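Please keep the sequence and the structure in view while reading.

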Amino acid sequence: MSKKLRVALLFGGNSSEHDVSKRSAHNIYDAMDKDKYDVSLFMFTKDGILLNNEDSQRIFDGELEDEVVKDAYQKMDLTKPLAPIMALNELSGIDFFYPVIHGNLGEDGTVQGLFKLLNKPYVGSNIAASALSFDKDLTKKMLNEAGIRNTPYVLLTPENQADYPWDRLEEDLGDLIFIKPAKQGSSVGIHRVTNAEEYAAALKDAFKYDFKVLAEQGVDHPQEVEISILGNEHPIASKLGAVRVPKGDPFYDYENKFVDASGVVFELPVKLPQYLTDEITDMALKAYKVLDMKGLARIDFLVDSNNVPYLSEPNTLPGFTNISLYPQMWEVSGISYSDLIDRLIQLGLDEFKRNSQIKYDFRELGQERVGQKKYNK
Ligand SMILES: Nc1ncnc2c1ncn2[C@@H]1O[C@H](COP(=O)(O)OP(=O)(O)O)[C@@H](O)[C@H]1O
Ligand SMILES: [Mg+2]
């Protein structure tokens with residue numbers, strides 16, 4: 001019998017999706033074939049501190065998180081400079097990393113940097129693709145460069161915000177504007193604004209989360225359509241899904257996502273005119289390449305009343321709970337949850353192998369140059 005692949009599931013994290021990540025990790029763990037994978041668990045606390053396998057496992061098995069974390073912090077001596085990543089040495093026995101951390105740390109390139117240092121394969125996009133896709137300003141710049149339709153916007157910073165009073169924004173972008181921090185998720189810090197007063201309050205709040213804030217042209221009561229992408233150099237796209245928020249709600253906000261999701265309806269697959277389905281699929285696959293994403297992504301769209309789709313945002317590590325859209329869109333497209341996990345791990349191994357082909361020793365660079373040889377003699 002061949003040796004099992006030792007896989008570490010990383011979950012938790014310091015974002016509002018900490019608990020979603022725990023649920024995603026449970027589902028992934030349960031669906032993983034234990035004859036193929038030897039699975040261990042590592043949790044990032046809500047402070048962004050990496051717990052060791054034993055404490056992570058206790059939390060995973062249902063012990064009260066706050067208590068286990070308190071104990072763990074006492075053992076760790078957080079005054080030590082490397083305390084936040086003390087569990088790192090336990091990662092040395094791992095063959096493969098599966099990050100299930102949404103938002104900060106997971107989707108912004110941070111843990112991908114750790115995997116790169118450890119020189120190990122992992123699920124999903126690399127440092128640069130993750131960081132780009134997590135920053136709504138940089139994503140839009142890439143999409144614009146590639147001619148992929150997205151809503152016009154202005155980038156606001158503490159330095160330039162005085163140049164953009166409401167009247168100017170209204171003239172440039174119209175009177176329905178979304179204010180959002182560049183690097184957040186879960187609709188945190190996002191506001192739908194229609195006048196100077198709302199704008200001022202929204203800006204104040206958004207700047208709590210980031211020094212970069214987008215003022216984005218609003219799509220009035222859009223259809224929110226999502227699509228799942230899977231693959232490396234030759235990605236495939238799932239059928240489309242739609243999210244419908246309760247009538248009268250301003251948008252798919254934090255409340256609808258995490259506080260009371262009972263009124264939110266998912267339509268899977270959603271029936272749209274063929275031309276619109278094709279256009280969204282093309283835009284998503286094109287964006288996946290432009291942003292250099294690997295493994296997986298869920299790409300979200302806003303569709304206006306004339307059926308014009310705008311690419312809203314990519315998510316490089318989307319939710320994986322049993323009600324999450326990413327795996328469900330594959331389910332209705334013919335790929336089961338456990339098959340999906342096998343494929344994601346295989347894609348991570350493939351990507352690592354591909355990158356290993358680029359090998360050189362920088363110390364040998366230039367040795368062949370004329371003149372260099374002379375010097376070396
Ligand atoms: N330009 C826009 N027009 C209309 N609705 C928007 C716009 N931007 C964001 N929204 C609403 O806000 C929600 C969250 O925005 P999004 O950019 O997806 O941020 P997050 O990363 O927090 O999910 C969207 O799902 C949508 O309901
Ligand atoms: Mg979103």
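The structure is a predicted model. Strands β5 (177-181) and β7 (213-217) each contribute at least two residues to the shell around ligand 1. In total, 18 residues surround ligand 1, and the closest are Lys136, Lys180, Ser187, Val219 and Glu224.

| Residue | Protein atom | Atom of ligand 1 | Distance |
|---|---|---|---|
| Glu216 | polar side-chain atom | nitrogen | 3.0 Å |
| Gln217 | backbone N or O atom | nitrogen | 2.9 Å |
| Glu224 | polar side-chain atom | oxygen | 2.4 Å |

Taken alone, ligand 1 exposes 540 Å², of which the protein buries 96%.

In general, the strands of a sheet pair through backbone hydrogen bonds, in either a parallel or an antiparallel manner. Here three strands follow the order β2-β1-β3, and their pairing is parallel. Strands β2 (37-44) and β3 (96-99) form the edges, each pairing on one side only. On average, neighbouring strands of this sheet are turned by 25° against each other, direction ignored.

Strand β1 (residues 5-12) runs parallel to β2 and is joined to β2 by eight bridges. Gly12, for example, has Phe44 in β2 as its bridge partner. Helix α12 (residues 337-356) lies across β1, β2 and β3, and runs at about 125° to β3.

Terms used
Residues numbered from 1 in each chain as written. Chains lettered and ligands numbered in written order. Predicted model: local features only at pLDDT ≥ 70, side-chain atom pairs only at ≥ 80, totals over all residues. Heavy atoms only, no water. Pairing = 2+ DSSP bridges. Helix = DSSP H or I, 4+ residues; strand = E, 2+ residues; numbered from the N terminus. Axes fitted to C-alpha atoms, helices over the stretch in contact; angles between N-to-C directions. Contact = heavy atoms within 4.5 Å. Near = heavy atom within 4 Å. Polar contact = N/O pair within 3.5 Å; in protein donor to acceptor, adjacent residues only side chain to side chain. Areas by Shrake-Rupley, 256 points an atom, 1.4 Å probe, with all protein chains shown as cover.
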